[in-house]
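Good morning, colleagues. Please look at the structure on the screen while I describe its two chains.

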Amino acid sequence: MTDPTIKRIETLLRKPGVIFGAGAAILLLVTALLALAFPLYKPLLSAQFPFSMIVLAVMLALILSATAVCILAERKIAGFTQDRYGPNRVGFWGLLQPLADGLKFLLKEDIIPRHVDKPLFLLAPALALAASLLGFAIIPWAGQVRWPWMPPDAPPLSTQVANLNVGFLYLLAVGSLSVYGVVLAGYASNNKYAFYGGMRAAAQIISYELPLGLGLLVVLLVSGTLQLDQIVQQQAATGVWNIFLHPVAFFLVLVSALAEANRAPFDLPEAEQELVGGYHTEYSAMKFAMFFLGEYVHMITSSALMVALFFGGWHVWGLPGLENVTWWAMLVKLVAYLTKVALFIALFMLVRWTLPRFRFDQLMRVAWQSLVPIGVALLAATAVLTYLGWQHNVWASLAANLLLLVVLLRSAARSKRPVTARQDDLPEVDVRPTA
Amino acid sequence: MRDDDIIVLKEPELTAAERLYLPQILDGLKTTLRHMFDLQRRRAVVHQYPEQKREDTGELRTANYHGVHRLNKDPDGRVACVACFMCSTACPAHCIHIEAGESPWPDREKYPVKFDIDELRCIYCGMCEEACPVDAIELTPLYELVSCTREELILDKEKLLQVYEETKAVKPRKNPPVTDYGLTGRQSLDVAQPNVERKV
């Protein structure tokens with residue numbers, strides 16, 4: 001049955017030297033091509049708009065391939081936390097698994113059930129992926145750069161694709177757009193489970209927009225600007241990341257980001273145990289893959305947002321020259337930023353394989369009865385601090401956070417109905433069949 | 001049972017940490033992280049399947065594993081089945097199809113002309129093995145059941161007898177002369193199993 005040639009290729013691919021050698025060769029080839037073509041695109045690098053377009057293309061490619069790697073990482077982490085190995089068959093250490101997955105998705109039969117609302121059914125996955133991808137436009141990947149061939153007095157170029165005035169408001173807007181994909185998929189599938197998944201997603205994302213917004217407002221009050229690059233620059237200038245000013249706000253944003261990305265423990269819209277597959281029950285092949293990609297892209301976007309808002313973006317302590325706009329400083333910044341994002345994604349994944357899913361009433365209680373009050377109280381406290389002009393004072397902010405935390409924890413510890421409570425005081429339902 | 005036999009258990013009160021939920025999350029993360037970096041445990045627990053098989057390490061319990069079926073042969077090399085239909089009656093998945101014919105041997109009335117088992121329908125519960133009065137049908141430790149078509153996995157009598165030849169080394173037939181047909185029937189012992197030496 002097994003073809004000896006296939007067998008030989010398989011064993012060859014499982015040698016680390018072959019994989020890493022091929023990777024290095026491809027990298028070398030791409031670098032050589034880019035170097036050869038350099039005179040062609042050199043003028044493009046010197047002006048902001050074409051440079052933004054290049055950043056867009058590069059980052060898009062990077063993120064889309066990063067999602068493939070993310071899926072491998074997710075499965076590896078899942079395996080490791082459960083004392084397994086995870087995928088380790090395709091290529092050395094399973095490194096070619098993303099390739100195999102992609103190929104599988106492309107070659108699978110793309111089924112459109114007869115009972116679906118066809119236009120919406122086709123639109124939904126595209127919307128889900130597109131809305132997630134839109135968010136990348138404003139991530140300040142590596143600060144600013146002035147190329148060596150540019151005149152020394154020229155304004156440095158921004159590595160953001162679009163430096164919008166409205167900054168992270170835009171991210172909030174397009175971030176919540178992705179729920180349209182999910183809701184439409186649920187509706188168009190004409191399937192009770194899918195519909196229920198879509199409804200859950202709608203209710204969940206509406207609820208978690210609020211704490212997310214409140215957490216972001218705190219950052220807005222501290223920094224006084226909506227533009228992400230300026231927020232990062234402020235943190236880099238003082239060396240005090242916003243996480244040290246407002247850990248509670250970070251916590252709010254972290255939890256809401258998990259919920260917005262439909263990640264465990266908030267993955268109710270696609271709860272396999274309850275809803276078959278949730279909103280993507282009826283989807284197969286590439287359309288299913290688009291939902292999948294959308295979820296991971298959303299995860300990367302929210303991680304990048306949190307890194308910019310709370311973890312100083314590209315800033316690293318103890319590295320001199322980061323405030324420069326030379327190209328090597330830009331590379332260092334980019335690596336720093338991506339490393340932080342990767343750490344966040346690892347945290348997301350670890351959380352997914354640690355926590356059981358919330359029940360829906362718990363989910364709502366977490367949002368409306370704990371996160372929103374915390375957010376409002378924190379916002380009020382920050383507003384007072386800002387009024388007094390102390391918004392950059394670490395000790396004042398920390399004290400406010402700590403005080404809030406103590407008050408909240410005391411009340412939560414005394415609470416009769418904690419998040420973990422059972423659903424025991426619901427009115428009794430008459431389950432006898434009606435005549 | 002009286003009322004005071006009923007023990008009412010109260011749910012334990014949640015501690016403050018449990019009610020806060022957050023410390024529990026950190027606890028959980030600690031557990032998963034510990035497992036993530038526990039290489040030794042992973043190596044000890046995981047079998048890398050196609051290369052490492054449990055039957056090679058002796059961890060597969062061959063005596064009672066519920067794998068592919070086999071039809072046993074009696075000491076004379078004849079099919080042991082007497083086509084009584086007990087297994088196909090007991091089968092909850094209706095995967096056994098038997099056609100009986102008049103036995104060419106004098107020690108039994110019937111024998112299976114056809115004996116087909118649909119291995120894809122079978123749920124490997126072992127009821128057929130329990131039901132068989134002559135221990136003719138048994139489940140083997142073979143679990144690698146692969147084919148390119150569904151038809152290939154409907155095993156007929158020849159294949160089932162071949163499975164017996166393949167597996168009798170790992171799992172000898174339970175009690176070869178389980179029932180001596182002759183003792184309860186009209187034939188004498190010598191007719192029933194002429195080649196077997198008898199203890200009186």
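What percentage of the 200 residues of chain B count as buried? The value is 20%, where buried means that 20 or more other C-beta atoms lie within 10 Å of the residue's own, against 12 or fewer for exposed and partly exposed in between, with C-beta atoms placed from the backbone.

A word on conventions. This is a predicted model, in which local features need pLDDT of at least 70, side-chain atom pairs count only at pLDDT 80 or more, and totals for chains, interfaces and linings use all residues. Residues are numbered from 1 along each chain as its sequence is written, while chains are lettered from A and ligands numbered from 1 in the order in which they are written.

The predictor's confidence in each residue, pLDDT, runs from 0 to 100. Its average over chain A is 83, and 94% of the residues score at least 70. Within chain A, helix H12 (residues 272-275) has the lowest confidence, with a mean of 76, and helix H2 (residues 16-36) the highest, at 89.

Let me stay with H2(A). This helix has 21 residues and spans 30 Å from first C-alpha to last, close to the 30 Å expected, that is, 1.5 Å times one less than its number of residues. The number of buried residues in H2(A) is zero, so the helix lies largely in the open. Helix H11 (residues 247-260) of chain A reaches 20 Å with its 14 residues, close to the expected 20 Å. Here 13 of the 14 residues are buried, so H11(A) is largely enclosed by the rest of the structure. After H11(A) comes Asn262(A), with a positive phi near 55°.

Turning to chain B, we find nine helices and five strands; these are DSSP runs, helices being H or I of at least four residues and strands E of at least two, numbered from the N terminus.

Finally, the two chains meet. In the model, 17 residues of chain B are in contact with 16 residues of chain A, contact meaning C-beta atoms, placed from the backbone, within 7 Å. On the chain B side, helices H1 (16-20), H2 (22-36) and H3 (39-45) each supply at least two residues. H2(B) gives the largest share, six residues. That side of chain B comprises nine nonpolar, three polar and five charged residues, with Ala, Val, Leu, Ile, Met, Phe, Trp, Tyr, Cys and Pro counted as nonpolar, Asp, Glu, Lys and Arg as charged, and the others, Gly among them, as polar.

Note on methods: Two residues are in contact if their C-beta atoms, placed from the backbone, lie within 7 Å.
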